[in-house]
Amino acid sequence: MTKPDPTVTTRDDNVAAAEHLFVLVVGDGVFATEALPGKGTAAIGRASDSDVRIDEESISRNHATLHLDDPLRIVDENSANGTWVRDKRIDPGAAVEIHLNEAVRLGSVTIIIQRRTQKLRTRRMRSHDYFENRLEDECARALRHDTHFVVLHLVLDDPATEIQDILAGALREGDVVATYAPGELEIILLDTAPELAHRVIRRLENALATHHVIARVGSSRYPARRS
C-alpha cells in the first residue's frame, strides 16, 4: 500500500517570476527544499493548512509567519519552542528582519530562505490505472487515520497545451497527477483539509491564468462530510 510522506509541504503563488523564493528545511529526519510564494506571507507550522507544513514535534501548529516582501521578515506566532534569529529567541508577534541564506531556527528545525533562478522540476505524469489504485489506497488510509484528501479534475480547452511546469510550481512534490484522457488530468491533493483545498485550487487557477491557459477545474473531497 502506498504511503506518501507529507513531511514538508508548501505552495508557489508566483510561478511566472524569473526568480523564485525557496525555503530549505533541515532537521532530524527532515530535509527538503520547497518553493515559496513570490510575495505576501507564508504561514509555517504543523497544521494541515499551513503554507509551509513541517511535520515535526518541535513545530507548533501555527509556529511562525514569513513576510516575503522586501525586506524579508519572520514573526513568531507564540510558538511553544520558539523562533531563533542570529542565536536570539525573538519575541512573539515581533517582525524581525532576516536575510537570504541566513539560518533561522524554529524549534529544533532550521530553515534557510534562498532565491534561485533555475526552472522548477517537471511533474511526473501517472497513468489512469495508477491513479485509481492510489485513490483506493488513500480512501483506506483516510478511514484508518481520520485524514482528508481532495481530488481535482482538470479539463484543458486546448488538449495540446503543456502544463507540467505550471503544475510543478502549484502543487506539492507528493501530490499525484495522472492523465485521464487527452486534455484531461486528474490530481490527488494528499493530506489536504477542505480549507486548504480552496487555496490550492485558487493558486492553480491563478497559475493557469498567468500562463494564458484556459481550463476548467472540478473538485471533490474525501470524506465528503463529517458526522
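These questions and answers walk through a predicted model, its sheet, helices and cores.

The model is predicted, so local features need pLDDT of at least 70 and side-chain atom pairs count only at pLDDT 80 or more, while totals for chains, interfaces and linings use all residues. Residues are numbered from 1 along each chain as its sequence is written, and side-chain values use heavy atoms, with hydrogens and water left out.

Q: Which strands stand at the edges of the open sheet of 4 strands?
A: The strand order is β14-β15-β13-β16, with antiparallel pairing. Strands are DSSP runs of E, at least two residues, and helices are runs of H or I, at least four, numbered from the N terminus; two strands pair if DSSP finds at least two bridges between them. Each edge strand has a single partner, so one side of it is left without a neighbour in the sheet: these are β14 (176-181) and β16 (215-222).

Q: Over how many bridges do β13 and β16 pair?
A: Val 150 stands opposite Arg 221 in β16. Strand β13 covers residues 149-156, and its antiparallel pairing with β16 runs over 8 bridges.

Q: At about what angle does helix α3 run to β16?
A: Helix α3 (residues 194-210) lies across β13, β15 (184-189) and β16. Axes are lines fitted to C-alpha atoms, for helices over the stretch in contact (heavy atoms within 4.5 Å). Angles run from 0 to 180 degrees between N-to-C directions. For α3 against β16 the value is about 165°.

Q: Which residues have the most contacts inside the largest nonpolar core?
A: A nonpolar core is a set of buried Ala, Val, Leu, Ile, Met, Phe, Trp, Tyr and Cys residues joined through side-chain atoms within 4.5 Å. The largest has 22 residues, and those with the most contacts are Leu 36, Leu 66, Ile 74 and Ile 111.

Methods. Buried means under 20% relative accessible area, exposed over 50%, partly exposed in between (1.4 Å probe, protein chains only).
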